[in-house]
Amino acid sequence: MKVLVAIKRVIDAYVKVRVKSDGSGVETQNVKMSMNPFCEIAVEEAVRMKEAGIASEVVVVSCGQQNSQETIRTALAMGADRGILVQSDAELQPLAIAKLLKGVVEKEQPELVLMGKQAVDNDFNQTGQMLSALLDWSQATFASKIEKSDGKLTVTREIDGGLETIEVALPAVVTADLRLNEPRYASLPNIMKAKKKPIDTMSAEDLGVDPSPRLSVVKVSEPPARQGGAKVGSVAELVEKLKNEAKVI
Amino acid sequence: MSDYRAPIDEMRFVLQEIAGLADIATLPGYEEATPDLVDAILEEAGKLAAEELAPLNQPGDIAGSQLENGVVRTPDGFAAAYRHYVDGGWNALPFDKDHGGQGLPWSLAVAVQEMWNAANMSFALCPLLNQGAVELLQAHGSPEQKERYLAKMISGQWSGTMNLTEPQAGSDVGAARTRAEPDGDRWRIRGQKIYITYGEHDMSENVIHMVLARTPDAPVGTKGLSLFLVPKLLPDAEGNPAERNDLRCVSLEHKLGIKASPTCVMSFGDSEGAIGFLIGEENRGMEYMFTMMNNARLSVGIQGVAIAERAYQQALSYARDRLQGREMGSRDPDSVPIIRHPDVRRMLMTMRAQTEAARALAYFTTASLDRAKADPDPEVRRHQSVDVLELLTPVVKAWCTDIGCEVASIGIQIHGGMGFIEETGAAQHYRDARITPIYEGTNGIQALDLIARKIMRHEGKPALRLLEEVRATQAKVGQAKGAAFSALRRGLDEAADAFEQATGWLMETFPERPQEAAAGATPYLRLTGTLAGGWLLARGALAAAEQIDDPDSDTAFLEAKIATARFYADSILPEAVAAAAAAIRGSASTLALEEDAL
């Protein structure tokens with residue numbers, strides 16, 4: 001089974017994100033970037049499938065600027081076989097990415113597309129679902145366990161009420177949740193080997209996709225700073241404050 | 001306890017701009033060390049250090065290694081972390097490719113080594129000692145010995161140790177009494193060795209001891225010491241660890257710091273005699289030891305840098321969080337984070353500038369090791385070896401470890417009373433750092449090595465070459481614009497003049513009054529380090545000023561490099577002048593008071 005893993009380059013999870021002074025977005029220049037943690041989990045799952053003999057080839061794809069190549073290299077160092085960069089300097093929104101991925105899927109013909117359930121930059125949680133709709137493939141989101149048996153996947157999903165186990169027919173799009181696995185550290189020999197693995201580059205035009213944004217950002221602002229708390233003397237005072245100051249009851 | 005994040009931007013900058021890694025990557029054998037690979041390696045090693053090793057640092061200090069019935073148990077998590085480290089192939093990074101090494105430059109290896117040590121120095125000592133054992137074997141082992149041991153030691157599956165010290169033989173190794181008697185084609189070793197780092201432990205499958213011992217009728221002193229390879233478990237015909245050798249750990253030392261690292265008293269040959277294999281020729285053990293000592297000294301210098309970095313990160317984070325007192329000159333009644341107080345800022349800048357200077361010198365010196373090894377031009381190899389590597393190795397060892405202790409001490413000061421309390425973890429860095437000026441040749445011995453072997457034996461030429469290099473940079477600093485460069489110009493002028501005078505004093509005094517020269521050796525080394533650190537920070541500032549106009553550059557980072565160099569020039573370089581005075585004027589007065597009157 002050939003597995004395609006879609007990954008995204010985002011601001012590193014440890015970085016304190018700053019809003020640009022003009023409110024047009026967040027500051028990304030000279031900010032440490034890394035692979036989206038959920039994407040790392042998807043890559044890890046694909047590599048484990050390959051190690052278990054379930055996957056025959058693991059191809060990683062990223063849509064974005066030239067420097068997304070570094071993120072693809074990270075996935076190659078974890079054990080993916082080759083990479084594809086769909087290069088675009090334009091802002092890419094979930095629908096555009098889903099369309100680009102559809103184009104890659106049609107070229108590559110994988111049986112399974114693995115991706116993170118969402119990216120920690122915008123927390124959209126849309127791309128996997130959109131891709132499955134565009135391809136008219138089965139989908140299994142928020143996966144915490146994936147097992148394959150002849151032509152089908154059994155996927156355990158993390159849902160609000162607990163865990164749900166579903167069967168999906170292949171081909172399918174599966175999005176990874178936090179507890180699917182714990183991604184490995186790339187080993188030094190694999191980092192060195194990753195340098196020699198191929199990365200193909202293509203553009204949105206090559207895939208016949210118009211990636212222009214359909215949503216426009218009105219304004220980005222910092223969340224309000226936390227106000228200091230206050231102690232109340234009695235229950236009566238608390239109720240009074242909730243009623244008249246906070247106006248929640 | 002604080003987090004540790006590897007300072008990757010800073011490491012990359014020092015590697016590229018000061019150590020010249022791009023040039024090194026053009027030398028035969030090092031072609032793989034391209035900037036993108038270096039970045040990927042630093043990133044991934046940084047993750048392992050931050051996420052696996054750093055969290056074990058404080059628990060390891062509290063639990064310590066424990067000895068029970070001859071078995072040493074390292075603190076919880078150490079063995080698993082070591083497995084990750086070995087499985088990740090990290091141990092093989094700098095070693096030659098013949099037996100599974102990756103053959104990457106040492107200059108890259110030290111940056112990675114800094115991460116292990118900053119994250120967890122007690123842990124990092126195991127690979128550090130193994131590194132020395134591997135180098136000994138690579139340089140002097142027989143083909144059969146290399147075949148049998150090297151691959152497993154390079155991977156880290158087996159770890160190596162250094163057995164030099166005995167109770168009566170510390171700095172004077174020549175007083176060692178451990179005996180070796182021939183027994184067919186091997187030897188029987190009997191004696192006791194102390195201070196054996198990771199002499200026994202549960203992280204690796206086997207422990208390979210490198211032991212200095214005396215064969216029958218060997219001459220007295222260091223010239224009668226031979227080097228033996230003594231495995232804890234003797235390999236069978238297939239090379240797998242099998243029969244237990246006659247050696248054991250009889251006790252663990254109780255120490256001020258590095259408590260998770262087991263410091264063993266090793267007893268060899270309590271019954272039939274431990275089986276050992278002679279490395280190279282008889283009576284040349286000490287000479288062989290020197291082939292790995294230079295590297296080991298650089299590695300200990302890196303520990304100084306590493307602890308300084310960790311202490312700085314911890315103090316900085318505390319200074320940003322701790323609210324105390326009002327801002328000077330402000331009417332605002334609210335408490336401010338202590339980082340707003342000028343004296344706290346002074347301490348943080350001192351920590352930062354000293355750490356960056358020490359890192360610059362350590363990486364720069366290690367780069368000369370790569371150049372001395374791989375440059376095709378024999379004259380370049382000789383120059384790099386004698387004028388840079390040999391000259392600066394004792395400076396890196398002593399000056400960087402002194403800085404490690406000083407910076408860790410300031411780190412406690414910034415924490416105030418909380419720094420004196422163990423829970424914050426600031427005190428651990430200070431306790432861990434304190435061994436580094438002692439082991440691998442005390443800093444006093446490094447100072448003697450610097451003046452005698454590295455300068456006087458070459459008629460002062462390496463010191464003068466260093467001065468020439470400094471003066472060449474001064475000329476460029478003179479043309480650069482801005483307050484930072486005028487500060488650097490002044491600071492470097494004064495420090496370089498002081499170094500020139502002190503070197504003149506050394507050349508005059510050493511032949512006639514060697515005792516006096518020796519009394520001034522430590523301040524002279526301090527002077528050399530302070531000047532060299534300032535010189536390299538100036539080179540970094542020049543490179544930063546050149547890059548800053550590039551729209552893609554990280555302006556904030558580059559501005560900080562320049563500002564830090566300026567602080568160093570204003571507040572630390574003047575110490576070079578004082579150190580020169582202490583060497584020149586203080587050497588006679590050091591010895592003026594009679595021994596009995598002390």
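Me: How do you know how residues and chains are labelled, and which atoms count?
Reply: Residues are numbered from 1 along each chain as its sequence is written, chains are lettered from A and ligands numbered from 1 in the order written. In this predicted model local features need pLDDT of at least 70, side-chain atom pairs count only at pLDDT 80 or more, while totals for chains, interfaces and linings use all residues, and side-chain values use heavy atoms, without hydrogens and water.

Me: What makes up the secondary structure of chain A?
Reply: Chain A has six helices and 11 strands.

Me: What share of chain A is called buried, and why?
Reply: Of the 249 residues in chain A, 44% are buried; they get that name because their relative accessible area is under 20% (1.4 Å probe, protein chains only).

Me: How many of the contacts in chain A join residues at least 24 apart?
Reply: Among contacts between residues at least 6 apart in sequence, 70% do. A contact here means heavy atoms within 4.5 Å.

Me: How do you know which domains are annotated?
Reply: An unreviewed UniProt entry gives "Electron transfer flavoprotein alpha/beta-subunit N-terminal" for residues 23-211 of chain A, a span that is 30% helix and 32% strand. For residues 40-157 of chain B, an unreviewed entry gives "Acyl-CoA dehydrogenase/oxidase N-terminal"; that span is 66% helix and 5% strand. Such annotations may be inferred rather than shown by experiment.

Terms used. Helix = DSSP H or I, 4+ residues; strand = E, 2+ residues; numbered from the N terminus. Buried < 20%, exposed > 50% of the residue type's maximum accessible area, 1.4 Å probe, protein only.
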